[in-house]
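Have the sequence and the 3D view open, and follow along.

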Amino acid sequence: MEQRITDSVEFKKCHKINEQFLHSLVDILKSNNDSIILLFEIFADRIVYSFESVEDLINSSLKIIKPINKICISAKYPVKEKKYCINEIKLSFSNYRELFQTNSTEIKFNFYSDDDYIILKNRIETLLKNYTLSYSILSRIPIIAICTICIFFGICIYTKNNHIIYPKEVQHLIIVVSFLMIIWSIFNISPFNFFERNKRLLFPLNEFEFGTSINSNKKASTLRQIIGIGIILTFIVGLLINYTSSRLF
């Protein structure tokens with residue numbers, strides 16, 4: 001009886017994909033078998049660039065003018081014990097999510113050897129953990145949903161404090177609109193995918209350190225630092241004002 005393992009592993013965290021990562025990944029893939037066929041595919045806008053080695057990819061990456069949306073890495077190598085059988089693995093790193101999609105990184109296995117599958121899976125998962133970006137949680141926060149919730153509760157608090165009573169029809173309309181905006185923003189449904197795309201400029205799902213994406217990542221990193229410092233300073237100033245007010249009055 002022939003044993004075949006088909007598996008798909010999804011990751012919701014963000015990763016940094018650079019030259020060092022690719023070399024480490026290739027070393028892992030070649031650890032069990034040197035007779036491996038590699039294919040690197042870079043998706044930039046509507047153009048697909050294909051490379052057969054990390055060196056070719058690095059040398060040609062400066063020619064990639066458009067922002068990189070996705071990188072796929074495929075590996076195939078023959079099974080030693082079984083003739084005409086090929087183990088396959090494909091890694092996909094995307095910087096956008098389709099409708100109802102929650103993952104940004106995916107690994108697909110198609111193996112005839114159980115031992116090779118387990119070893120590779122564990123080593124690749126460890127490698128991905130080492131290249132996980134610190135802002136992974138922030139990249140998954142639905143900004144429009146949070147803003148809608150804040151506005152909804154703001155309206156409730158304002159109307160209660162000012163003794164304003166809306167007709168039931170208006171109350172139902174506010175609840176329905178708020179609910180729809182939250183659902184649409186969470187699942188990236190138009191028209192709120194515009195905000196999702198702009199959020200990706202600040203918090204990319206995966207950082208690709210190739211071509212023009214290098215400068216984009218630097219700008220996003222600088223902007224994140226400025227926003228972070230601004231939030232911290234605002235918090236400190238607020239504490240100082242409250243402390244000073246309580247001491248004086």
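Which residues make a nonpolar surface patch of about 700 Å²? The patch is made by I229, I232, L233, F235, I236, L239 and L240. Before going on, bear in mind that this is a predicted model, where local features need pLDDT of at least 70, side-chain atom pairs count only at pLDDT 80 or more, and totals for chains, interfaces and linings use all residues. Residues are numbered from 1 along each chain as its sequence is written, and side-chain values use heavy atoms, with hydrogens and water left out.

**Surface patches**

A word on how patches are picked: members have over 30% relative accessible area and no salt bridge, with like charges joined within 9 Å and nonpolar side chains (Val, Leu, Ile, Met, Phe, Trp, Tyr) within 5 Å. The accessible areas come from the Shrake-Rupley method with a 1.4 Å probe, and for residues only the protein chains shown count as cover.

One member of the nonpolar patch, I232, sits in helix α8 (residues 213-248). Helices here are DSSP runs of H or I with at least four residues, strands are E runs of at least two, and both are numbered from the N terminus. I232 counts as exposed because its relative accessibility is 51%; the cut-offs are under 20% for buried and over 50% for exposed, with partly exposed in between (1.4 Å probe, protein chains only).

There is a negative patch too, formed by E19, E52, E55 and D56. For charges, Lys and Arg count as positive and Asp and Glu as negative, while His and the chain ends are not counted. Each charge is placed at NZ of Lys, CZ of Arg, CG of Asp or CD of Glu. E19 belongs to helix α1 (residues 19-29), and its 38% relative accessibility makes it partly exposed.

**Salt bridges**

Side chains of opposite charge can pair when their charged atoms come close. The rule used here asks for a side-chain nitrogen of Lys or Arg within 4 Å of a carboxyl oxygen of Asp or Glu. By that rule the count is 3 salt bridges, and here they are:

| Pair | N to O distance |
|---|---|
| K121 and D7 | 3.4 Å |
| K16 and E207 | 2.8 Å |
| K16 and E209 | 3.4 Å |

Take K121 and D7, whose side chains meet in a salt bridge. This pair links distant parts of the chain, with K121 in helix α3 (residues 114-130) and D7 in strand β1 (residues 5-11), 114 residues apart.

K16 also has a salt bridge, with E207. That pair links K16 in strand β2 (residues 15-17) to E207 in strand β8 (residues 206-208), 191 residues apart in the chain. K16 bonds with E209 as well. Because K16 lies in strand β2 and E209 in the loop between β8 and α8, the pair ties together parts that are 193 residues apart in sequence. Put together, K16, E207 and E209 are linked in a network of salt bridges.

How buried or exposed are the members of this network? K16 is partly exposed at 24% relative accessible area, E207 is buried at 4%, and E209 is partly exposed at 21%.

**Strands and a hairpin**

Two strands count as paired if DSSP finds at least two bridges between them. Strand β5 (residues 68-78) and strand β6 (residues 86-94) are antiparallel, paired over 9 bridges, and K76 stands opposite E88 in β6. β6 also pairs with strand β7 (residues 105-111), again in the antiparallel sense, over 6 bridges. There, F109 in β7 is the bridge partner of I89.

F109 is buried, with a relative accessible area of 2%. Its C-alpha atom is separated by 9.0 Å from that of L91, 18 residues apart along the chain.

Elsewhere, strand β3 (residues 37-44) and strand β4 (residues 47-51) run antiparallel, joined by 5 bridges. A44 stands opposite I47 in β4. What do β3 and β4 form? They form a hairpin with 2 residues between them. D45 is partly exposed at 48% relative accessible area.

L29, in helix α1, is buried at 1% relative accessibility. L29 and I124 are 95 residues apart in sequence, and their C-alpha atoms are 8.7 Å apart in space.
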